[in-house]
Amino acid sequence: MESSPIFAASDYDAVVVGAGIAGLTVARLLTRAGARTVVLEARDRVGGRVHSDRSDGTVTDRGASWIHGIADAPLHATTEAFGMRTVEFTVGSYQPDGRPIAYYAPDGIRLDDASAASFAADVHAFDDALSTYVSSIGAGVSYGAATETTLSGLGWDSARTERVREFVRHRTEEQYGVWIDDLDAHGLDDDETDGDEVVFPDGYDQLATRLAEGVHVVLDQTVSRVAWSAEDGATVTTTRGDSVSAVRAVVTVPVGVLKAGAVAFEPPLAEPVAGALDRLEMNTFEKVFLRFGARFWDDGVYAIRRQGPAARWWHSWYDLTALHGQPTLLTFAAGPCALAIRDWSDAQIVASVLDSLREIYGAAVTDPVRSDVTRWQDDPYARGSYAYMTVGSTTADHDDLATPLGGGVLQLAGEATWTDDPATVTAALESGRRAASNILGRDVDIAELWV
């Protein structure tokens with residue numbers, strides 16, 4: 001990788017903007033197929049929103065953490081081929097049961113097994129009814145409105161209804177980092193986990209490092225302009241004044257960066273890309289890691305969940321102790337919470353989380369020996385964690401966002417551009433494979449990344 005290249009016009013078959021998983025995937029596939037390819041990356045590292053912090057001898061995945069379902073998963077096949085060590089940790093889709101989950105009622109007392117099972121059964125009944133209702137409607141109905149319609153049809157009393165409503169609100173925030181009324185009812189259509197989930201004790205960024213091997217990646221180059229035409233190909237200009245021309249360009253920056261106008265397209269993006277981009281939005285979703293000197297929560301618990309008004313912000317904690325052997329809890333600031341605490345210091349955020357834990361566990365909760373708080377919404381090269389479907393968007397908008405323009409001279413790729421499993425590393429990987437297929441004019445097998 002280089003930091004200060006000298007570019008010559010028309011030296012490349014393809015220029016890729018962004019060295020996240022999508023950009024590295026398309027570049028690696030093109031490079032291995034013999035195409036002259038260069039990747040321009042604004043950061044001083046590869047990986048984008050896959051970022052493993054290794055300070056103080058610990059590994060903290062501040063961005064993506066999980067593979068959500070490893071059955072027949074191209075991403076899992078890729079990480080296996082690259083020899084990445086995994087730990088099974090399956091709690092996906094904000095499930096109400098399936099793994100040991102300690103539920104605490106509004107009064108802070110843990111629900112007994114029968115009460116927890118009854119609550120989980122209500123969630124499953126609701127989800128069945130919601131799925132039926134959402135499948136009958138088109139775009140333009142919010143997830144919140146669909147939830148209310150479904151709940152009203154179940155005929156439950158107010159207390160029973162409220163606890164499921166609360167769960168669904170929390171699920172929407174945790175899965176998509178957005179308030180329930182701002183997400184289209186079809187925004188969770190993809191929310192399924194096929195097979196176990198795994199995390200990476202040695203850091204998810206190993207994936208980016210391996211994908212970058214043998215690829216011409218130029219760091220510290222912030223792209224400000226992409227000029228494209230069917231006749232002349234693409235010219236990409238950076239804020240340093242450098243420019244590179246290529247036959248084709250693949251832009252993989254996040255939706256938040258695109259919508260902020262940080263990259264000027266000349267001419268502007270055409271339909272259907274422009275309309276799809278207009279209907280998608282970047283979320284607010286941050287992680288809070290707390291590492292403790294000793295465990296104070298129950299053994300054998302995958303997740304801790306709080307119910308009631310006290311859980312408005314901090315409602316779910318995940319036990320990551322098995323990942324590194326140190327007692328660790330992970331919680332999320334999502335949607336309205338992430339916006340409300342945006343200007344808080346890390347110390348204020350951690351104190352707020354600890355206050356919530358002490359409402360459950362009292363004085364047993366010690367101060368953490370280390371804490372980490374992410375700030376993706378303030379990252380100029382991300383402007384959020386991942387994209388979601390605003391009210392009126394359709395699932396097709398993801399694929400439409402990747403529609404090649406100018407006879408294939410320009411295309412977008414990234415987690416927001418893959419319909420089947422958007423907002424995931426899988427989506428980023430698959431979108432990069434599709435972009436490479438479009439450029440090479442053949443269906444590229446994901447195994448070409450390593451074979």
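This is a predicted model: local features need pLDDT of at least 70, side-chain atom pairs count only at pLDDT 80 or more; totals for chains, interfaces and linings use all residues.
## The annotated residue

An unreviewed UniProt entry assigns the feature "binding site" to F332. This residue lies in strand β17, which covers residues 328–334. F332 has a relative accessible area of 10%, and it counts as buried because this value falls under the 20% limit.

Leaving aside residues up to four places away in sequence, F332 is in contact with W66, E174, F285, E286, K287, W313, W314, S316 and Y318.

## The sheet around β17

Strand β17 belongs to an open sheet of 6 strands with mixed pairing, ordered β6-β15-β16-β17-β14-β18. The edge positions are taken by β6 (101–104) and β18 (370–373); each has a single partner strand, so one side of each lacks a neighbour in the sheet. On average, neighbouring strands are turned by 15° against each other, direction ignored.

Strands of a sheet pair through backbone hydrogen bonds, in either a parallel or an antiparallel manner. Here β16 (residues 316–319) and β17 run antiparallel and are joined by 2 bridges. Within this pair, Y318 is positioned opposite L330 of β17.

## Helices packed on the sheet

Helix α5, formed by residues 158–176, packs on the sheet and touches β6, β14 (285–291), β15 (303–306), β16 and β17. The direction of α5 makes about 95° with that of β17.

Helix α11, formed by residues 346–361, also packs on the sheet, with contacts to β6, β14, β15, β16, β17 and β18. For α11, the angle of about 65° is given relative to the direction of β14.

Key:
Residues are numbered from 1 along each chain as its sequence is written. Side-chain values use heavy atoms; hydrogens and water are left out. UniProt positions are given in the numbering used here, feature names are shortened, and annotations may be inferred rather than shown by experiment. Helices (H or I, at least four residues) and strands (E, at least two) are DSSP runs, numbered from the N terminus. Buried means under 20% relative accessible area, exposed over 50%, partly exposed in between (1.4 Å probe, protein chains only). Contact means heavy atoms within 4.5 Å. Two strands pair if DSSP finds at least two bridges between them. Axes are lines fitted to C-alpha atoms, for helices over the stretch in contact, and angles run from 0 to 180 degrees between N-to-C directions.
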